[in-house]
Amino acid sequence: MPLAYPSQRVAYPYFVVALLLFVLQVIVGIWLALSYALTIPQWLVDLLPFSTTRAVHTNLLVLWLLLGFMGSTYFMAPEETEREIYSPTLAYIQLLLLVGTGVTALAGFVFGWTKGKPLLEIPFPLDYLVVVGALIFLFNVGMTILRARQWTVIQGSLFGGLVFLAVMYLFNLPFYANLSIDWYYWWWVIHLWVEGAWELVAAALTAWILIKITNVPRATVEKWLYVELGLFLFTGIAGTGHHYYWLGAPSYWLWVGGIFSALEPVPILLMLADAWHYLRNRRSEIKGRLVFTYAVGMAILHFVGAGVWGFAHTLPQINYYTHGSQITVAHGHLAFFGAYVLLNLTFFYYAMPKLKGLTLFNERRGNIAFWWLSITMSVMTLAFSVAGVLQTHIERIMGLGYMTAQAQMRLSFAILAVLGVVFLGGVLLTVVDLMTLRPGPSAKEAA
Ligand code: HEM
Ligand code: HEM
Ligand SMILES: [Fe+2]
């Protein structure tokens with residue numbers, strides 16, 4: 001089946017680069033776990049300090065997820081607007097610019113060229129190139145929407161989320177001499193990205209996929225999209241306060257952050273209920289079982305990782321003990337995986353067959369990979385959580401030293417290193433499967 005719009009093809013290189021960076025990110029993750037589990041020789045630590053490898057791991061994550069979102073947007077925009085992409089050439093230039101900047105930044109980290117702000121290590125002037133890339137993207141998508149035959153809520157919320165995302169990044173550019181203020185704005189990027197802008201992007205992409213794989217009327221999906229967007233913004237923006245408890249901000253943030261962030265699981269639960277409702281009632285009509293599996297898995301693990309693991313440490317009375325511990329890391333992994341890794345993979349599995357001209361493809365490997373990744377990441381989250389409970393108890397309740405806690409956490413990290421290798425196997429299977437999709441009815445449909 002040919003693509004509905006030839007310019008949707010620009011999504012393909014975005015997906016391929018994203019998948020390759022995903023593999024690299026996970027390899028570096030295994031190295032991080034090993035640096036907790038083993039005593040790394042000092043010369044190697046001097047060469048590659050933990051702060052550097054951690055920056056590489058997390059920046060690769062953010063880079064590939066964003067490239068995936070951009071590719072997905074380019075794939076979706078023509079079908080929604082009934083127009084070709086304004087300029088496919090610009091889309092390729094943008095990809096080259098962003099990947100070039102990203103790779104330069106990652107190489108720079110290894111030589112100590114970093115801004116030093118966690119997750120936003122990309123130094124000046126590379127961060128300005130990121131802004132240029134984002135502007136090209138917004139211009140290209142914006143022009144496509146402007147010439148749209150029809151304006152839809154899905155286009156609007158996707159574009160709104162992308163603009164919000166880009167504007168927040170601007171707060172990362174200056175350096176504020178007062179560190180409390182610097183951290184205050186740092187969270188405008190980190191928190192308002194994953195719990196604000198990215199949630200809007202996720203809600204829009206998910207709504208679109210639901211319309212595509214089921215026969216739910218667009219009006220029904222769009223009605224819930226409005227409610228979800230409103231709730232995400234309402235709880236997510238004030239919820240930023242859950243990061244202001246201990247950094248020198250006024251104490252009313254303890255209340256604001258505690259109450260609003262405790263409500264943040266509500267829109268996520270609504271999204272889960274929403275997806276569940278559409279998909280369950282229409283099981284027989286679903287086009288593409290694997291995309292269905294991914295969409296349900298995403299909704300569930302998004303809720304568990306962000307909603308449940310987030311809620312667990314969001315009240316100041318609890319966060320006082322768990323702040324910055326491996327509990328945070330456990331939540332960071334499952335939330336990012338459930339919400340945004342699986343979102344990207346859901347979209348890739350929807351779009352890739354079409355980009356390769358397949359109507360039906362063999363879903364067996366993809367199905368195995370889904371369970372492989374999801375189960376391994378869930379167990380990894382439990383292992384990080386065990387380390388976090390030990391750390392919190394030994395350091396913050398018993399008041400013993402940092403290294404006393406680390407000694408007890410080593411076993412968890414040894415297990416994590418092994419789990420990391422298992423996870424990498426699942427990632428490789430996913431990438432190979434997506435790159436070499438084979439025609440044929442899915443195993444289930446054939447049965
Ligand atoms: C998909 C959405 C989410 C993602 C990807 C995500 C990811 C993360 C990450 C990576 C961190 C660590 C940041 C750092 O200190 O370096 C973090 C911290 C935190 N998250 Fe989330 N999160 C999400 C949603 C939520 C929700 C809905 C809640 C509350 C219900 C929440 C509560 C928290 C809290 C309280 C912290 C601070 C932990 C600390 O004090 O160390 N998160 N999140
Ligand atoms: C899709 C897969 C993965 C995602 C989404 C992911 C995400 C992240 C994030 C967001 C952080 C920062 C944590 C924070 O500040 O709270 C991080 C750090 C880390 N990741 Fe991953 N990661 C993945 C795979 C892996 C794998 C396979 C391993 C290997 C076991 C791993 C091991 C680590 C370690 C040890 C850290 C450092 C934690 C620390 O600072 O103490 N990650 N990862
Ligand atoms: Fe947050």
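Glu 82 is exposed, because 12 other C-beta atoms lie within 10 Å. By the rule used here, a residue is buried with 20 or more other C-beta atoms within 10 Å of its own, exposed with 12 or fewer, and partly exposed in between, with C-beta atoms placed from the backbone. Glu 82 lies in the loop between α3 and α4. Although not a glycine, Glu 82 has a positive phi of about 60 degrees.

This is a predicted model: local features need pLDDT of at least 70, side-chain atom pairs count only at pLDDT 80 or more, and totals for chains, interfaces and linings use all residues. Residues are numbered from 1 along each chain as its sequence is written, while chains are lettered from A and ligands numbered from 1 in the order in which they are written.

## The whole chain

The protein chain has 16 helices and 0 strands. Helices (H or I, at least four residues) and strands (E, at least two) are DSSP runs, numbered from the N terminus. The C-alpha atoms fill a box of roughly 65 × 45 × 40 Å, taken along the principal axes.

With 447 residues, a compact globule would have a radius of gyration near 22 Å, and the 21 Å of the protein chain agrees. That radius is taken over C-alpha atoms, and the globule rule is 2.2 Å times the number of residues to the power 0.38. Buried residues make up 46% of the 447 residues. Among contacts with a separation of 6 or more, 82% join residues 24 or more positions apart; a contact means C-beta atoms, placed from the backbone, within 7 Å.

## Two ligands

Around ligand 1 there are 24 residues, and the closest are Gly 310, Thr 328, Gly 332, Ala 335 and Ala 339. A residue counts as near if its C-beta atom, placed from the backbone, lies within 6 Å of the molecule. The elements giving two or more residues to this shell are α7 (179–213), α11 (289–311) and α13 (326–355). Of these, α13 gives the most, with 6 residues. By class, the shell around ligand 1 has 9 nonpolar, 13 polar and 2 charged residues. Here Ala, Val, Leu, Ile, Met, Phe, Trp, Tyr, Cys and Pro count as nonpolar, Asp, Glu, Lys and Arg as charged, and the others, Gly among them, as polar.

Ligand 2 has 22 residues around it, and Gly 29, Leu 32, Gly 332, Phe 336 and Gly 420 come nearest. The largest share of the shell around ligand 2, 7 residues, comes from α13. That shell divides into 14 nonpolar, 7 polar and 1 charged.

## A pair of helices

The axes of α11 and α14 (residues 364–397) come within 10 Å and cross at roughly 10 degrees. That makes α11 roughly parallel to α14, a label for angles under 35 degrees. Axes are lines fitted to C-alpha atoms, for helices over the stretch in contact, and angles run from 0 to 180 degrees between N-to-C directions. Residues meeting across this pair include Leu 290 and Trp 309 in α11, and Gly 366 and Phe 370 in α14.

## Backbone details to look for

Most residues other than glycine have a negative phi, and most peptide bonds are trans. Leu 119, in the loop between α4 and α5, has a positive phi near 70 degrees. Leu 119 counts as partly exposed, because 17 C-beta neighbours lie inside 10 Å.

Pro 125 lies in the loop between α4 (88–110) and α5 (126–146). The peptide bond from Phe 124 to Pro 125 is cis, with omega near 0 degrees.

Technical notes: Contact = placed C-beta atoms within 7 Å. Parallel < 35°, antiparallel > 145°, perpendicular 65-115°, else oblique.
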